[in-house]
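Please follow the strand pairing of this predicted model first, and then turn to its pockets.

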Amino acid sequence: EVQLQASGGGLVQAGESLRLSCVVSGLTSDNYAIGWLRQGSGPEREGVSCISSRDGSTYYAESVKGRFTISSDNAKNTVFLQMNSLRPEDTAVYYCALQIDVESDYDVCYNYGYWGQGTLVTVSS
């Protein structure tokens with residue numbers, strides 16, 4: 001069974017940093033993408049960042065470019081999201097999600113089939 005466990009959230013002040021971690025277990029495919037998505041006060045879940053195992057490409061939402069960095073430690077089956085210069089609008093529950101058996105580079109970072117439990121990030125002003 002594939003499982004994802006997100007951790008690292010907390011309460012910080014604006015301008016500070018956090019690093020989120022997502023540990024993936026039970027993954028047998030080497031063709032996958034792992035994304036970070038967040039649920040704030042709005043109605044929709046927003047894609048924040050994604051990393052592809054196919055070529056290591058990374059993707060970022062415009063709102064976090066230059067501030068957030070996604071990376072992976074394959075030996076530990078872990079994906080990280082380094083969040084710098086945090087803003088109050090970054091406050092949300094952050095989820096990591098897994099897409100497996102990506103058919104092509106055009107499909108990467110879509111159709112996530114597995115989700116972690118989420119970790120809460122609160123940024124105060």
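Strands S3 (18–25) and S8 (78–83) pair in the antiparallel sense over 6 bridges, and within S8 it is Thr78 that stands opposite Val23. On S7 (68–73), S8 has a further antiparallel partner, joined to it by 6 bridges, with Phe68 standing opposite Met83 of S8. S7 and S8 together form a hairpin that leaves 4 residues between the two strands, and in this turn Asn77 has a positive phi of about 50 degrees. S8 is also mostly covered, since 5 of its 6 residues are buried.

The largest pocket has a volume of about 240 Å³. Its lining comprises 16 residues, of which Leu27, Tyr32, Ile34, Asn74 and Val79 are the closest to the centre, and the elements that contribute two or more residues to this lining are S3, S4 (32–39), S5 (46–52), S7 and S8. By class, the lining of the largest pocket consists of 6 nonpolar, 9 polar and 1 charged residues.

The second largest pocket, with a volume of about 160 Å³, is lined by 14 residues, and those that lie nearest its centre are Ser49, Cys50, Tyr59, Cys109 and Tyr112. At least two residues of this lining come from each of S4, S5 and S6 (58–60), with S5 supplying the largest share, 4 residues. The lining of the second largest pocket divides by class into 11 nonpolar and 3 polar residues, with no charged residue.

Methods:
Residues are numbered from 1 along each chain as its sequence is written. This is a predicted model: local features need pLDDT of at least 70, side-chain atom pairs count only at pLDDT 80 or more; totals for chains, interfaces and linings use all residues. Side-chain values use heavy atoms; hydrogens and water are left out. On a 1 Å grid over the protein atoms alone, a cavity is a set of points where a 1.4 Å probe fits but cannot get out, and a pocket is an open set with protein on both sides within 12 Å along at least five of seven lines; lining residues have an atom within 4 Å of a point. Grid points are joined across faces, edges and corners, and a volume is the space filled by probe spheres set on the points. Ala, Val, Leu, Ile, Met, Phe, Trp, Tyr, Cys and Pro count as nonpolar, Asp, Glu, Lys and Arg as charged, and the others, Gly among them, as polar. Buried means under 20% relative accessible area, exposed over 50%, partly exposed in between (1.4 Å probe, protein chains only). Two strands pair if DSSP finds at least two bridges between them.
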